[in-house]
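Student: Please take a close look at one part of this structure. Which residues surround it, and how is it placed?

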Amino acid sequence: MSTTTVPRVTTRPAPHATTDDDGWPRLVDAVRESGLYPTRAKAEQVTRTVLAALGPHVTGDERVDLARALPAEAARLIAAQIPATHRLTAARFVDEVASRTPGATPATARWDVSSVLSALPPLIGDDLVTRILAQLPPGYALLFGRADLTPAS
């Protein structure tokens with residue numbers, strides 16, 4: 001009698017996946033430090049606003065992988081959003097965040113977006129950031145704290 005070995009398929013979390021309960025506070029603390037926010041409550045509000053705005057624009061496998069790599073609370077913010085039918089330019093994305101933030105200006109919204117998105121790469125890994133950026137319009141790399149090497153059109 002012959003036996004056939006079936007290869008096991010395993011999924012691996014992102015290099016720094018945060019599946020434990022303290023993942024959300026660590027993310028908020030990273031945003032607070034990055035954005036120099038005076039209180040944890042302000043950093044949490046900014047984090048929620050930016051992730052909820054980002055959710056519709058990350059789709060497909062990248063959306064699933066992003067949700068898996070983030071702390072549960074952040075994953076819910078991403079997953080709760082209905083996928084967008086068209087992607088916003090980076091500038092329009094910042095404007096969208098400004099419209100969701102009372103008293104925000106384009107400059108403060110850009111600061112907020114950059115503070116949150118630049119805190120994500122250590123949690124989700126560079127490969128996933130690269131995949132996410134590949135599906136977004138040019139200009140988002142700077143918001144994630146990366147050089148934007150896309151040729152201008």
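Tutor: Arg146 is partly exposed, at a relative accessible area of 25% (buried means under 20%, exposed over 50% and partly exposed in between, with a 1.4 Å probe and protein chains only). This is a predicted model, in which local features need pLDDT of at least 70, side-chain atom pairs count only at pLDDT 80 or more, and totals for chains, interfaces and linings use all residues. Residues are numbered from 1 along each chain as its sequence is written, and side-chain values use heavy atoms, with hydrogens and water left out.

Arg146 sits in the segment after α9; helices are DSSP runs of H or I with at least four residues, numbered from the N terminus. Leaving aside residues up to four places away in sequence, Arg146 touches Asp126, Val129, Thr130, Leu133 and Ala141, where contact means heavy atoms within 4.5 Å. With Asp126, a polar atom of the Arg146 side chain lies 3.0 Å from the backbone oxygen. Thr130 is 16 residues away from Arg146 along the chain, and their C-alpha atoms are separated by 9.9 Å.

Technical notes:
Helix = DSSP H or I, 4+ residues; strand = E, 2+ residues; numbered from the N terminus. Polar contact = N/O pair within 3.5 Å; in protein donor to acceptor, adjacent residues only side chain to side chain.
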